[in-house]
Amino acid sequence: DDKEKDAAKDAAKEKAKEEAKKQNKEIIDKLMEDFRDQWEPAVDKLDKAAKAFEGLDLDDLSEGPEGFDITKGLWQQNGWKELDTLRKKLEELRELRDLVRSLGR
């Protein structure tokens, strides 16, 4: 009788462990999905910004009061949309792109 009771308890504990693991996995999956949904727009903006500045020397932008100021909510600004449009225009207009790159040096 005691062995059967112990075996039943052990089986119940195992079942509870497996159920807890399943619930934990569901919670983690949900957290990861929420995290991805929350950060995806910011990452897209960073990707666009990185493409816009490819091949340019950005040291001058970080010096002095004219540099970027994160305290003003840089990531909330919509200016990145225009920057992406300008980048696309530069890619299409080779002469203008070459001129901008030569001026940036």
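## Charged partners along a helix

K30 counts as partly exposed, at 46% relative accessibility. In this predicted model, the side chain of K30 meets that of D34 in a salt bridge, with 2.9 Å from N to O. D34 is partly exposed too, with a relative accessible area of 33%. The two residues sit four apart in helix α1, so about one helical turn separates K30 from D34.

How many salt bridges are there? The count comes to three. Another one pairs D29 with K25 at 3.1 Å, N to O, and these two are again four residues apart in helix α1. Here D29 is partly exposed at 39%, whereas K25, at 51%, counts as exposed because the cut-off for that word is over 50%. Then there's E18 with K21, at 3.9 Å from N to O. They are three residues apart in helix α1, which again makes about one helical turn.

## A greasy patch

Now for the nonpolar side of things. L93, L96, L99, V100 and L103 make a nonpolar surface patch of about 440 Å². One of them, L93, is found in the loop between α2 and α3, and L93 is partly exposed, with a relative accessible area of 43%.

## The largest pocket

The largest pocket has a volume of about 160 Å³. Ten residues line it, and the closest to its centre are K51, A52, E54, R87 and R101. Helices α1, α2 and α3 each give two or more residues to the lining.

What kinds of residues make up that lining? It has four nonpolar, no polar and six charged ones.

Note on methods:
Residues numbered from 1 in each chain as written. Predicted model: local features only at pLDDT ≥ 70, side-chain atom pairs only at ≥ 80, totals over all residues. Heavy atoms only, no water. 1 Å grid on protein atoms, 1.4 Å probe; cavity = no way out; pocket = protein on both sides within 12 Å on 5 of 7 lines; lining within 4 Å. Points joined across faces, edges and corners; volume = space filled by probe spheres on them. Nonpolar A, V, L, I, M, F, W, Y, C, P; charged D, E, K, R; others polar. Patch = residues over 30% accessible without salt bridge, like charges linked within 9 Å, V, L, I, M, F, W, Y side chains within 5 Å. Areas by Shrake-Rupley, 256 points an atom, 1.4 Å probe, with all protein chains shown as cover. Salt bridge = Lys/Arg side-chain N within 4 Å of Asp/Glu carboxyl O. Buried < 20%, exposed > 50% of the residue type's maximum accessible area, 1.4 Å probe, protein only.
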